[in-house]
Amino acid sequence: MNNNIHPIHKAARMAYNLLLALFAICISGVCVACGGEEDDTTPSYADVNGFAPADDDNSPTAQLRRDFYNQTGSYLLFKDTLITHTSDGRSELLDITYFIMGSIDWQSDYKYTYEYIEDIEQQRKAAEYVQKYLIKRLGKNTPYSFFLVNDLHYDYYGRLRQRDKVLGLRSYVISMGGGEAYDDPETYFGDMIVDIVKNSISRVPEELMNQFYAFSKDYYGNDIDGELTDQEVWDLGMFYYIEDDWWGNYFYYQSTDLSLWLEAVLTMSPSEFEAEYGSSSVMMEKYALLREIILDQGFEL
């Protein structure tokens, strides 16, 4: 052991040890104070999972919800009333707009109204379609619960507007669009998954997305002199350009480009895409990069 410690260093070490001792005393005092309080005998319902059916609920809806959880790992809701209770005895409501920090859905802070799915057959069909056309694509992004409704509206400055989903922290509210989802579920939920993936990609590191945009960044929104062939457009990493008799011809903007590419990657297999756009190496590279980004986000293709 080195005994030749400079006096200043020795003093600093003694002060540090003293602070540690004082901190330990304070912590132990807090613990003693907490332990000295009388136990609260009011039921907290902390051991009750409000997202699952009550144990004594043997209704067809409750069984459907249990089966859904067993098959997907996500809870299924048909009402926003949970079975837990607050301290004053009132039922807890699913607060879809609550977030610990910020929000994950750009319209999450609106006031929403729901039209419940009451009929058991409609409930079964809604659960089946969500599981078949949506959950299988979400992969690791499957939420804690799904709240399925027949219709979903939000108040926009005093006027009700329709939405197909709200992506909350504890639940995704999924609307059947007043019945529209049953007519063509593949298209309905296909459009929905594009929006969900786009929302997720907004959190991808900027440098990675810049690699994707780099293929066409010099052309977004630019005017075009004359006309271009499909091959010329594809070699710029674009699907098409806008033809306007008033403004002239121009390329669409970056946000449109991302939406078009997400739709392509999510709806076309690599072989299908190659059959259509394989003559352009730029299109193939751009497809491969975005596909990798989507897979890295945990989605299934």
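Keep in mind that this is a predicted model. I start with helix H9, residues 270-277, and helix H10, residues 281-296, which pack with their axes 10 Å apart at an angle of about 160°. Angles over 145 degrees count as roughly antiparallel, so H9 is roughly antiparallel to H10. Their crossing is right-handed. On the H9 side the contact is made by Pro270, Phe273, Glu274 and Tyr277, and these meet Met283, Met284, Tyr287 and Arg291 in H10. By class, that contact has six nonpolar residues, two charged and no polar.

Next, helix H6, residues 206-213, and helix H8, residues 254-267. Their axes cross at roughly 85° and come within 11 Å. H6 and H8 are therefore roughly perpendicular to each other. Which residues in H6 meet H8? They are Met209, Phe212 and Tyr213, and their partners in H8 are Gln254, Asp257, Leu258 and Trp261. This contact of H6 with H8 divides into five nonpolar residues, one polar and one charged.

Now the strands. Strand S6, residues 151-156, runs antiparallel to strand S4, residues 112-115, and four bridges join them. One to look at on your screens is Tyr114, whose bridge partner in S6 is Leu152.

S6 also pairs with strand S7, residues 159-162, in the antiparallel sense over four bridges. Here Tyr154 has Arg161 in S7 as its bridge partner. S6 and S7 form a hairpin with two residues between them. In that turn, Tyr157 has a positive phi of about 50°.

That is what I have.

Conventions: Residues numbered from 1 in each chain as written. Predicted model: local features only at pLDDT ≥ 70, side-chain atom pairs only at ≥ 80, totals over all residues. Heavy atoms only, no water. Axes fitted to C-alpha atoms, helices over the stretch in contact; angles between N-to-C directions. Parallel < 35°, antiparallel > 145°, perpendicular 65-115°, else oblique. Left-handed = near helix turned anticlockwise from the far one by under 90°. Contact = heavy atoms within 4.5 Å. Nonpolar A, V, L, I, M, F, W, Y, C, P; charged D, E, K, R; others polar. Pairing = 2+ DSSP bridges.
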